[in-house]
Amino acid sequence: MLKLKIRDILSGTSKRRKRRGSRIKRIRQEDLHLHEGGNIFDGTVGFDHEMIPAIMKTINGVLQKVNATAIPIGSGATPTPGKVSGDLDMIVDVNQLRQEYNMEGEPDKVIRQKLRQTFDLAGLETAQSGTSVHVKVPMGDHAHQVDIMVVPNAANAANSIHILFHKVRNGKASTSKLH
């Protein structure tokens with residue numbers, strides 16, 4: 001039987017505590033480490049924003065086969081050369097996919113499974129969690145993670161996320177509105 005101490009329940013496992021480092025140092029911001037790369041797949045690395053168009057070309061090349069397009073959101077919507085991201089967040093319209101897959105009346109979950117299958121058939125490694133399909137995109141010697149949220153009214157959602165992202169970035173909105 002697994003015995004957990006109160007300390008482990010409240011602060012995570014010893015492995016997680018070791019990875020995060022000293023709480024005091026984190027509070028004082030003395031020991032900040034940025035660990036880029038998506039966390040769904042092993043072997044993915046962060047990428048310079050200059051690579052975003054090439055990564056998007058891979059994703060949209062697959063989606064073009066089903067007459068759909070993924071829209072970048074967050075920092076991917078306004079790339080800054082020299083800035084590094086751990087993954088590329090994109091959004092695609094579930095209703096557009098439903099129509100293109102000729103799966104009217106099917107629940108969103110089934111449409112996301114079909115999208116994942118589309119990327120699998122294109123030879124890309126995939127995973128699925130919640131409303132997202134995750135794709136491992138090989139580029140040269142490295143691979144990068146793309147998180148594709150599959151939601152209704154993707155264009156409107158992408159615009160709203162873009163506006164909120166810039167308000168937060170410019171200090172005009174609280175990140176608590178993101179949760």
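**A first walk through the predicted model**

This is a predicted model, and of the protein's 179 residues, 35% count as buried.

User: What share of the contacts between residues at least 6 apart in sequence join residues at least 24 apart?
Analyst: Take the contacts in the protein whose residues sit at least 6 apart in sequence. Among those, the share joining residues at least 24 apart is 56%.

User: At what angle do α4 and α6 pack?
Analyst: Packed helices get described by two things, the angle between their axes and the distance between the axes. Here α4 covers residues 52–63 and α6 covers residues 108–121, and their axes are 10 Å apart. The pair counts as roughly perpendicular because angles of 65 to 115 degrees fall in that class, and α4 to α6 comes out that way. The angle itself is about 110 degrees.

User: Which residues of α6 does α4 meet, and how many nonpolar residues does the contact have?
Analyst: From α4, the residues involved are I59, V62 and L63, and they meet L115, T118 and F119 in α6. Sorted by class, the contact has no charged residues and 1 polar one, and the nonpolar count is 5.

User: Is strand β7 largely enclosed or exposed?
Analyst: Strand β7 runs over residues 142–151, which makes 10 residues. Of these, 8 are buried, so the rest of the structure leaves β7 largely enclosed.

User: Which strand pairs with β7 in the antiparallel sense?
Analyst: Strand β4, residues 87–93, is joined to β7 by 7 bridges, but those two run parallel; one of the β4 residues, V92, has V150 as its bridge partner in β7. On the antiparallel side there are 8 bridges, with V137 partnered by H144 of β7. That strand covers residues 132–139 and is β6.

User: Which residue takes a positive phi in the hairpin of β6 and β7?
Analyst: The hairpin has 2 residues between its strands. The one with a positive phi, near 65 degrees, is G140.

User: Does P107 count as buried, partly exposed or exposed?
Analyst: P107 lies in the loop between α5 (94–100) and α6, and its C-alpha atom is 9.7 Å from that of V94, 13 residues away along the chain. Buried means under 20% relative accessible area and exposed means over 50%. At 45% relative accessibility, P107 falls in between, so the label is partly exposed.

Key: Residues numbered from 1 in each chain as written. Predicted model: local features only at pLDDT ≥ 70, side-chain atom pairs only at ≥ 80, totals over all residues. Heavy atoms only, no water. Buried < 20%, exposed > 50% of the residue type's maximum accessible area, 1.4 Å probe, protein only. Contact = heavy atoms within 4.5 Å. Axes fitted to C-alpha atoms, helices over the stretch in contact; angles between N-to-C directions. Helix = DSSP H or I, 4+ residues; strand = E, 2+ residues; numbered from the N terminus. Parallel < 35°, antiparallel > 145°, perpendicular 65-115°, else oblique. Nonpolar A, V, L, I, M, F, W, Y, C, P; charged D, E, K, R; others polar. Pairing = 2+ DSSP bridges.
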